[in-house]
Amino acid sequence: MAEAQAFVTLATTDAYSMGCIVVGKSLRRHETSRKLVVMVSPSVSRAARLALEDVFDEVVVVDVLDSRDKAHLTLLRRPELGVTFTKLHCWTLTQYSKCVFLDADTLVLCNVDELFEYEELSAAPDPGWPDCFNSGVFVFRPSLNTHNQILEHAAQYGSFDGGDQGVLNTFFSDWAVKDIRKHLPFVYNLTAGAVYTYLPAFQQYGHHAKIVHFLGGTKPWHLSYDPQAANESSFRHSSDNFEQFINLWWVEYYSKRHLDVKQDDKNEDHVRLHSHQPVQQLVSPQTHQSPSQSLKSSAEAHHREMITPSPPLQDLTLDSLTISSSEKPEESNILIDVLSGGETEETPVVSPPSEKESERTEPETAEDSAMAAGEAAAAETEEDDLEHRRMWEEGRADYMGKDAFDNIMRKLDLFLD
Ligand SMILES: O=c1ccn([C@@H]2O[C@H](COP(=O)(O)OP(=O)(O)O[C@H]3O[C@H](CO)[C@@H](O)[C@H](O)[C@H]3O)[C@@H](O)[C@H]2O)c(=O)[nH]1
Ligand SMILES: [Mn+2]
């Protein structure tokens, strides 16, 4: 019997592939010891697949399954979700004994390998109907037998929401009441909707978020940070708490770290910092656009990204920076760099991906950006900084305090001055 375990995600389009990249990178950032698998349909472009291969241990091509259940999908107002039946193919990954499925629109905030201690079918409640589980994060055991049974069940009963979540909830129909151990804590599948409907709970418990799920029609890759809109009270009211996660999503999307630490070739030399590794590049989210404008431009940016897998910025190596790489032998974390003022030798280059090449602002020299970073670092005492870093590494980032969106933005902006 297979012993290996894996995190599994899915993309049937290039846009959802962007999400998978973030799922994979965020799992690697937090040093999962499990394999990473992405299922893709043949409609995913070659460029997108190549980008996925950099992050995932396995890219598995699967056929698209479609519920074609217009009636129910219309009820859900999401005509595109029939294709989520494709998710059911995850049960065919029998080279693994146990897996954790993560939707492509999730972002992992800390190491969540403990999820493998749960049994099939474990999942968190859906915020819309808590007696249903949300199928964006679930623990399962691959089995061709179960796969067949679920497909037969789907053929016979359909899906009450037209997507996989409806099928899975009627198939694992005793989830709500049978075994509380199969209820994942909500922090493993924290959705924006829950923030809006129960803000005090988010303020109380949001610090413990482990996986954020961008459930709904608008995904991070459709959006960009808009500081102007964020200051308008209506916008602020509804979304300022969740907005920071969109920013983190973009930071993760553009981060380059961890691409070369796939489990297979993971060894000490790879994991530790090495002076000839390309310098971490960080591209801040797009700015100065209304959400509707950015919908269009981020699609264009995505297009660019998929055609040219590397970001449209020049690659720097540590050799081109004047700061010594020997001062800090520890692998640094790009988010820590940003949050703590970027005082490490791997000063990230921050530049907004603007529509026109000429609009791009870049630090004049690496020294300039390093100096700005140095000043920012001085504002924080070393002790605070160490504690902050330790908390971050333990996955206890204070997204609503020190690591709040505004602080991240402020520190990102320092690099642009
Ligand atoms: O065109 C698509 C649409 C979806 N997906 C994949 O299917 C997942 C689910 O779709 P998503 O857009 O994330 O759905 P949600 O907005 O999260 O909506 C809910 O409803 C869906 C349908 O039941 C469930 O699959 C979700 O887990 C549940 O959270 C995505 O994350 C992708 O992995 C694709 O690859 N291509
Ligand atoms: Mn989802």
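Select the donor residues of the manganese ion (ligand 2): along the sequence they follow the spacing D-x1-D-x107-H. Donors are N, O and S atoms within 2.8 Å of the metal (3.2 Å for Na, K and Ca), and water is not among the atoms, so sites may look incomplete. This is a predicted model, in which local features need pLDDT of at least 70 and side-chain atom pairs count only at pLDDT 80 or more, while totals for chains, interfaces and linings use all residues. Residues are numbered from 1 along each chain as its sequence is written, chains are lettered from A and ligands numbered from 1 in the order in which they are written, and side-chain values use heavy atoms, with hydrogens and water left out.

**The manganese ion**

Show the side chains of D103, D105 and H213. The protein donors are D103 (OD), D105 (OD), D105 (OD) and H213 (NE2), at 2.2 to 2.3 Å from the ion. The 6 donor atoms around the manganese ion subtend angles of 57 to 172 degrees, so the arrangement is irregular.

Next select β5, β9 and β8, which form an open sheet of 3 strands in the order β5-β9-β8, with mixed pairing. Strands (E, at least two residues) and helices (H or I, at least four) are DSSP runs numbered from the N terminus, and two strands pair if DSSP finds at least two bridges between them. β5 (106–108) and β8 (190–191) are the edge strands, each with a single partner, so one side of each has no neighbour in the sheet. Strands β8 and β9 (residues 211–213) run parallel and are joined by 2 bridges. Look for T191 opposite H213 in β9.

**Ligand 1**

Now select ligand 1 and its surroundings. It has 23 residues around it, the closest being L10, T12, Y16, D164 and G216 (a residue is near if one of its heavy atoms lies within 4 Å). A polar side-chain atom of D164 is 2.3 Å from an oxygen atom of ligand 1, and a polar side-chain atom of T12 is 2.6 Å from a nitrogen atom of ligand 1. Taken alone, ligand 1 exposes 650 Å², and the protein buries 96% of that (accessible areas come from the Shrake-Rupley method with a 1.4 Å probe; for residues, only the protein chains shown count as cover). β1 (5–11), β7 (133–140) and α5 (164–171) each supply at least two residues of the shell; the largest share, 3 residues, comes from β7.

**Strand β4**

Select residues 98–102, strand β4, where 5 of 5 residues are buried. K98, V100 and L102 lie on one side, C99 and F101 on the other. β4 runs parallel to β1, with 4 bridges, and V8 has F101 as its bridge partner in β4. β4 also pairs with β7 in the antiparallel sense over 4 bridges; V100 has V139 as its bridge partner in β7.

**Two loops**

Go to E31, in the loop between α1 (14–29) and β2 (35–40). Phi of E31 is near 55 degrees, a positive value in a residue other than glycine. Finish at L121, in the loop between β5 and β6 (122–125); the peptide bond from E120 to L121 is cis, with omega near -15 degrees.

Definitions and conventions. Tetrahedral: all angles 85-135°; square planar, octahedral: opposite > 155°, others 65-115°. Polar contact = N/O pair within 3.5 Å; in protein donor to acceptor, adjacent residues only side chain to side chain. Buried < 20%, exposed > 50% of the residue type's maximum accessible area, 1.4 Å probe, protein only.
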